[in-house]
Amino acid sequence: MNAKAAKTQPSSPLDKAEFKAAIVKHLHCSLGTDENKANNHAWWKATCAAIQAQVLEGLRKTQKSHYFNDTRAVHYFSAEFLMGRLLSNNLQNLGLFDVASGALKELGVEITDIMEEEPDMALGNGGLGRLAACFIDSLATMELPAIGYGIHYEHGLFRQEIKSGAQIERPDSWRDYGNPWEICRPESIQEVPLFGYVETKYGESGRIQKEWHPGSIVKGIPWDIPVVGYEGKTVNVLRLWQSDSSDYFNWDVFNAGGYVDAQRENVQAETISKVLYPNDETEAGKELRLIQQYFFCSCSLKDIIRRYKRAHGDDWSRFADQVVIQLNDTHPAIAIPELMRILVDRAELDWDQAWGISTKVFAYTNHTLLPEALEKWPARMIEKILPRHLEIIYEINHRFMAEVDKKWPSDNRIKAKLSIIEEGNEKMVRMGHLSVIGSFAVNGVAEMHSRLVKSDLFPEFDALWPGKLTNVTNGITPRRWLKACNPELSKLIDKKIGSDWPKDLYKLEALEKYADNKTFQKQFMQVKLNNKQLLADEIRESLDIEVDVNAIFDVQIKRLHEYKRQHLNLLHIMALYRRLLENPDYDMVPRVFIFGAKAAPGYKLAKDIIYAINKVADKINNDPRVNNKIKVVFLPNYRVSLAEKMIPASDVSEQISTAGKEASGTGNMKLALNGAITVGTLDGANVEIAEEVGDDNIFIFGLTVEEVHELKDNGYKPYDYYYRDPEIKAVLDWLETDYFTPGKPGALVSIKQSLLDHGDQYMVLADFRSYCDAQIAIDEAYRDKARWAKMAIINTAKMGKFTSDRSIKDYVERIWKLSPCKIEN
Ligand code: TH1
């Protein structure tokens with residue numbers, strides 16, 4: 001680079017020599033060690049520190065540019081951000097991966113070894129949290145002004161160990177040895193009031209004034225994680241709040257109010273951000289969870305308002321032009337009454353003005369229709385923790401009921417159905433209703449899901465406010481989920497069609513014309529084989545199981561839940577095993593069934609299914625009669641970094657939820673992008689994947705949503721399938737014996753019971769036969785090497801739609817109305 005170019009680009013990326021020097025400097029000066037003594041952990045930290053300087057430079061410029069351009073920004077409120085590891089991603093996005101790898105090599109260190117030192121940032125449960133992480137990657141890549149707001153959990157999702165087949169939960173401690181990416185910002189600490197009581201005052205103008213006298217105050221400390229966009233121009237932040245006890249103790253509040261609060265609560269301030277609730281799609285109903293939600297919403301809103309006031313003072317008229325807040329499910333819905341409280345009680349706007357602003361600021365994403373996941377809080381609990389917010393919720397509801405009455409005069413049934421308050425033994429506040437009423441846009445996460453949100457979940461809201469309910473199909477970032485996790489395939493693609501696909505995933509379509517090309521098929525499948533070999537090594541190391549890389553790698557990776565039907569997969573494996581025992585010549589392509597799944601600690605049947613998978617695995621893997629035709633592998637502690645190893649090595653992607661239950665799914669997209677063929681139901685985004693790849697390149701089976709409804713309405717009887725299908729009967733009866741659990745008969749019986757005596761809610765038995773047929777069709781396709789290679793290539797080629805950049809573009813155009821902001825030097 002000539003001197004002039006260097007001058008206009010003061011932060012030009014490091015070259016190899018500079019990178020080496022930077023790493024060594026950090027070994028010496030930050031870590032107090034040297035090249036001879038450093039272990040992998042120290043090398044990892046020094047490498048992170050070496051790029052952090054450049055990251056922070058990008059962050060500074062980004063914040064300056066956003067400030068000077070007074071940009072409108074999206075604020076993504078989410079209780080979960082499942083970030084995974086950051087080193088590899090940041091290196092990729094800065095374009096420094098090869099430089100770093102070369103620099104380390106010259107220092108005698110393998111970059112792949114040091115990357116293994118990084119603990120996952122597992123501040124999320126599953127799809128919802130990972131979606132938030134993909135979205136902030138896309139927002140930065142697309143140079144959009146955005147900030148992620150969440151909770152700085154001390155312990156992320158538990159670490160899973162398997163002992164004698166059963167799941168054991170261990171605490172996750174991702175920060176025990178420090179986190180090189182995060183920056184503490186004590187200058188932006190916020191205070192959050194809790195508990196106490198509300199005083200009603202009458203002002204001079206006759207205006208009723210409410211004053212909340214909190215019973216305690218906690219402190220929110222912000223930690224910023226830089227989010228580096230691809231090609232490194234925009235660096236946004238993820239701001240996570242950690243709770244702590246307030247400096248001036250609660251005596252201040254106590255004295256000011258002069259009030260001895262009988263129901264004063266002692267939530268230890270530090271416990272608020274201590275641990276992530278491990279329930280995916282079940283609402284915990286716990287007081288601490290509500291406090292967590294309010295804690296991060298209150299901190300984040302105050303942070304937004306502080307920034308707004310710096311530019312606009314007390315003029316609220318432009319607030320909704322500058323600020324849009326996306327609520328990632330209802331977990332942050334309490335932000336709606338919190339903003340109303342700030343506007344009405346603090347800024348002293350009148351209600352209509354405040355509501356006018358609020359309802360232009362919030363938008364809400366619904367991620368599920370499952371009743372057990374729809375949040376409801378006892379009104380009494382809200383009253384105790386947030387007395388003023390309950391009043392505000394009642395006021396919102398009162399005015400909303402008047403609007404309902406205009407549309408459906410004197411219809412009490414519809415009022416009861418739409419009310420934010422669910423009457424009953426215990427009054428409950430429905431957070432979904434609050435979110436729809438308080439937002440200007442509501443979206444589902446896949447076409448089919450959004451259609452069901454309109455037709456089944458919120459039909460009256462759709463009638464009341466046509467156009468408010470919409471769809472934004474989920475997506476995944478191709479930077480992490482192809483470029484970083486599958487370097488060999490990425491290089492092959494670069495060679496074939498050029499290297500701009502990570503920013504424009506539709507470019508992958510150019511691969512389609514090579515789908516029949518024998519040479520390209522060979523290259524593509526050779527990459528797959530190499531990735532399978534890497535995973536096979538991992539499986540040997542962690543479980544001491546030998547798997548054949550020429551077998552089909554059949555992968556089901558997701559949280560364990562009955563609706564996701566890991567047990568359907570298991571029953572099919574048992575059926576295959578049985579066929580092999582009855583007929584040693586049974587003709588099947590050797591298959592390795594690979595699972596990764598965590599069960600919520602309190603979800604008994606989910607844990608029983610994990611246990612059953614492991615017990616069946618033990619038996620099959622050690623039965624010589626199987627002749628290595630089936631292997632079953634349960635990889636413990638499924639997490640982002642493990643997904644990054646499994647996905648590139650998969651041949652078959654199991655997406656087998658009961659139709660209508662999986663809102664979207666995102667693992668389905670990651671696997672197909674890496675050339676795995678989906679076996680799936682017409683559920684969630686599978687429907688759109690099928691549209692993209694075409695019927696010849698996916699294995700669809702099972703009941704449709706309509707058929708599921710019809711069968712339910714006509715009285716679904718699982719026993720009919722049990723008696724009519726001898727194979728179903730045989731495998732279910734097998735669960736009752738001690739064949740898989742020697743000496744412990746009945747250890748697996750809960751699965752059989754759930755499918756027969758408890759009514760098989762998720763229609764596993766109804767879909768069993770059609771699932772088996774799909775598996776036979778997979779075998780047939782796999783035997784034809786050229787056909788399989790073609791299918792795999794087409795799957796990769798047709799995933800353009802599922803980049804999270806497209807999702808973000810949809811949000812921007814349909815909901816957020818944002819413009820990109822170029823970053824100046
Ligand atoms: C998931 C949905 O199950 C999944 O289909 C979707 O792809 C993903 O969100 C992203 O949109 C959900 N995760 C949670 C987690 C909690 C509550 C509800 C949902 S829905 C805690």
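This is a predicted model: local features need pLDDT of at least 70, side-chain atom pairs count only at pLDDT 80 or more; totals for chains, interfaces and linings use all residues.
1. An unreviewed UniProt entry lists Lys670 as a modified residue, N6-(pyridoxal phosphate)lysine. Lys670 sits in helix H25, residues 667-673. Its relative accessibility is 8%, under the 20% cut-off, so Lys670 counts as buried. Beyond its neighbours within four places in sequence, Lys670 contacts Arg130, Ile476, Trp481 and Ile647.

2. Helix H33. Because 10 of its 13 residues are buried, H33 is largely enclosed by the rest of the structure. The buried residues include Tyr811, Ile815 and Trp816.

3. Ends of H33. Thr803 caps the N-terminal end, with a side-chain oxygen 3.1 Å from the backbone nitrogen of Asp805. Just after the helix, Lys817 takes a positive phi of about 50 degrees.

4. Asp651 and Lys532. The structure holds 65 salt bridges. One joins the side chains of Asp651 and Lys532 at 2.6 Å, N to O. Asp651 lies in the loop between H24 and E23 and Lys532 in H21, so the pair ties together parts 119 residues apart in sequence. Asp651 is buried at 1% relative accessibility. Lys532 is buried too, at 2%.

5. Arg769 and Asp725. Their closest N and O atoms are 3.0 Å apart in a salt bridge. Arg769 is in H31 and Asp725 in the loop between H28 and H29, so parts 44 residues apart in sequence are tied together. Arg769 is partly exposed at 30%; Asp725 is buried at 13%.

6. Network. Salt bridges link Arg185, Asp224, Arg239, Asp303, Arg306 and Arg307.

Conventions:
Residues are numbered from 1 along each chain as its sequence is written. Side-chain values use heavy atoms; hydrogens and water are left out. UniProt positions are given in the numbering used here, feature names are shortened, and annotations may be inferred rather than shown by experiment. Helices (H or I, at least four residues) and strands (E, at least two) are DSSP runs, numbered from the N terminus. Buried means under 20% relative accessible area, exposed over 50%, partly exposed in between (1.4 Å probe, protein chains only). Contact means heavy atoms within 4.5 Å. A polar contact is a pair of N or O atoms within 3.5 Å; within protein, one must be able to donate a hydrogen and the other to accept it, and residues adjacent in sequence count only if both atoms are side-chain atoms. A salt bridge is a side-chain nitrogen of Lys or Arg within 4 Å of a carboxyl oxygen of Asp or Glu.
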